[in-house]
Amino acid sequence: MPGRLVRPGNDLCLRTIVIGAASETAAVRRGFWAQRRAARARRTSPNLRRWTAPGFAGPATVLYLALVFLPLVLALSYSLTNKNLLSPHSSYVGLWNYHELLSDTVFKQAVKVTAIMTALIVVLPNALGLGIALMLRAETRLFAVLRTIFFVPVVLAGVVVSFIWQAMLTDYGVINSVLGSVGLGALQQGWLDTPNHAVGSIVAVATWQYVGFCAVVYLAALKAIPDELLEAAQVDGCVGFARFRRIIWPLVAPAVTINTVLLLITGFKLFDYVKIITNGGPGGATNNMALNIYSVGFTQNAFGLASAQAVVLFAIVAGLSTVAVLLLRRREVEV
Amino acid sequence: MTSPLWLGRYRSAFAVVVSAIFAAPLYLALVNVFKPADAIRAHPLALPLHDFTTSNVASAAQLSLVQHGLKTSLIITVGSLLLMVPLSAMAAYYVSRWDSKVARLLMLFFLFGLMLPPQVVLIPTTVILRHLHLMFTYWGVILNFAAYYLPFGVFVFSGFLRSVSRELDEAGAIDGASSLKVFWRIIFPLMRPATASVIVVTALWTWNDFLSPLIILGAAHGVTITTGIYLAIGTYSIDYGQEFGVMFLASLPVLALFLFLQRYFVSGLTGGATKG
């Protein structure tokens with residue numbers, strides 16, 4: 001989006017903006033040819049013919065229809081029935097399940113818990129990931145090793161991460177024993193015992209596991225910032241926070257979009273930690289929608305009611321990620 | 001590039017301290033693999049210097065849940081990949097090389113699957129698999145994973161195909177080779193970096209997944225390594241030493257894969273995410 005880089009009332013970075021604007025016009029020109037090329041390239045490959053083309057997409061489409069799209073449609077239709085695994089017959093009950101959910105305190109708490117945890121999970125790994133990326137962006141051997149360390153939790157199983165943190169968070173766990181042995185016994189507490197602590201602990205675990213991923217996405221974005229832009233900024237005395245605010249932040253906008261949307265989805269489907277570390281406790285404080293659908297569906301076998309919850313979850317995730325993409329795309333700039 | 005003054009000089013030291021705090025849980029998980037259970041309880045953070053032992057790993061490897069789980073996870077991961085990689089590569093070829101409304105809609109249709117939480121479709125999936133007599137079988141889990149991760153494959157492959165020259169298609173077509181032959185002999189080998197990324201990332205996700213095998217395989221019928229750990233620690237209350245041994249064995253394959261194929265992880269996770 002040309003011109004977005006230019007912000008009025010900021011003469012500190014004036015020269016940078018001129019350079020930025022120049023490269024933007026180049027980008028627009030390049031973009032034009034790229035579009036023309038893409039349009040031409042859009043034209044059919046001679047390797048595909050009318051009767052062979054569907055053969056390429058067919059098998060994947062069938063599998064996807066059968067085990068992703070059909071289940072989604074079925075979830076919608078189950079949500080209008082009183083289907084229960086234990087009874088062979090089910091009947092149409094209209095919007096009854098949704099009406100039930102309005103007065104279902106467990107469900108309403110699950111929605112609230114999901115909203116709080118997701119909001120924190122969208123913000124914390126995102127912000128810390130950007131900080132880590134800025135901290136470790138230099139190409140030295142030491143920093144390469146440190147970058148690897150931050151990425152290790154990303155590849156570990158959620159189950160493994162849950163048990164490692166459980167060993168740390170329980171009353172006689174590592175965190176409390178370390179606090180005791182360094183004379184900070186006053187800070188010892190039940191990290192999973194009160195609702196706030198439990199939610200905070202789950203968010204901390206999620207942050208620990210996903211911050212490395214966010215950092216890697218930001219590092220890729222930082223690497224793509226042209227050096228001449230940063231050098232020009234430096235010549236102008238545009239350094240420190242001004243440089244971050246005016247140059248780096250706008251240019252890592254696509255990375256912000258990616259991380260935000262992925263963390264949003266991650267937050268809504270969070271299951272392993274709340275199942276293993278707290279099992280939804282204490283008193284439902286960490287019983288999020290994902291875990292509640294699991295319990296209602298597979299412990300109480302109430303497929304109809306659980307499906308209504310699944311549909312609500314889907315509507316929220318689809319709506320929010322669309323809004324997030326649209327809002328965040330608006331502030332993305334081209335270099 | 002310069003940094004803020006307060007950071008500039010001590011940047012490396014600061015980064016090392018932050019990383020050390022971050023790595024503390026990893027350190028904890030690693031040192032306790034090699035300590036006897038009572039030493040873990042007494043000194044969880046100590047290095048296993050005088051009481052180094054490999055008996056935790058050995059006894060974890062003896063657990064039938066672990067042996068069975070590792071085998072099942074391997075079968076399911078490999079099976080899902082064998083199904084999902086060719087199918088998504090071919091579908092990506094269609095949506096990025098065939099110019100029609102249907103192809104564009106199909107692309108959107110696949111992309112939409114990227115944001116679908118598994119819990120939304122899990123209940124009906126079990127009903128469908130039950131009808132197909134695939135519930136509580138390897139095939140059920142494999143088909144579920146292959147279908148669920150297809151959008152990711154289509155996304156990465158179609159992003160990569162944009163950079164593959166179309167003249168190669170033409171050359172193959174002129175030689176009179178069949179469409180499939182041109183695809184498998186010429187196009188697919190060219191997509192090797194994308195294939196590597198898709199394989200590495202999908203393998204990671206299927207190996208680490210907990211919810212689907214828990215429901216579709218059903219604990220009573222079979223365990224993967226993740227549900228195996230869950231049962232071993234949660235239900236059979238093994239000792240602390242064994243617990244760390246089990247987690248070590250479960251993580252070893254992904255860590256090895258990660259250390260050797262690091263660039264494919266990063267390009268798969270970020271390239272897949274940044275393109276489009």
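Is A:E100 buried, partly exposed or exposed? I get 33% relative accessibility for A:E100, so I log this residue as partly exposed (buried is under 20% relative accessible area, exposed over 50%, partly exposed in between, with a 1.4 Å probe and protein chains only).

Ground rules first. I'm working on a predicted model, where local features need pLDDT of at least 70 and side-chain atom pairs count only at pLDDT 80 or more, while totals for chains, interfaces and linings use all residues. Residues are numbered from 1 along each chain as its sequence is written, chains are lettered from A and ligands numbered from 1 in the order in which they are written, and side-chain values use heavy atoms, with hydrogens and water left out.

**A:E100, continued**
I placed A:E100 in helix α3 (residues 96–102) of chain A. Helices here are DSSP runs of H or I with at least four residues, strands are runs of E with at least two, and numbering goes from the N terminus. I also checked A:E100 against A:A308: they sit 208 residues apart along the chain, with 9.6 Å between their C-alpha atoms.

**Confidence, chain A**
I looked up pLDDT, the predictor's confidence in each residue from 0 to 100. Chain A averages 83, and 84% of its residues reach 70 or more.

**Helix α7 of chain B**
Just after α7(B), B:H133 has a positive phi of about 60 degrees.

I count 12 of the 14 residues of α7(B) as buried, so the helix is largely enclosed by the rest of the structure. The buried ones pack against α2 (53–78), α11 (253–269), α13 (289–299) and α14 (303–330) of chain A, together with α8 and α12 (211–218) of chain B. I picked out B:T125, which is buried with a relative accessible area of 1%. Leaving out residues up to four places away in sequence, B:T125 touches A:L67, A:P71, B:N144 and B:I216.

**Rings**
I ran a search of the whole structure and got 29 aromatic pairs over all chains. Rings of Phe, Tyr and Trp (its six-membered ring) pair if their centres lie within 6.5 Å; planes under 30 degrees apart count as stacked, over 60 as edge-to-face and the rest as tilted. For A:F244 and A:W249 I have centres 6.1 Å apart and planes at 35 degrees, so that pair is tilted. B:F152 and B:W205 are edge-to-face, at 4.8 Å centre to centre and 65 degrees between the planes. This pair links distant parts of the chain, with B:F152 in helix α8 (residues 138–161) and B:W205 in helix α11 (residues 192–208) of chain B, 53 residues apart. B:F152 is buried at 8% relative accessibility, and B:W205 is partly exposed at 29%.

I also logged one aromatic cluster, formed by A:F271, A:Y294, A:F298, A:F303, B:F210 and B:Y230.

Notes. Contact means heavy atoms within 4.5 Å.
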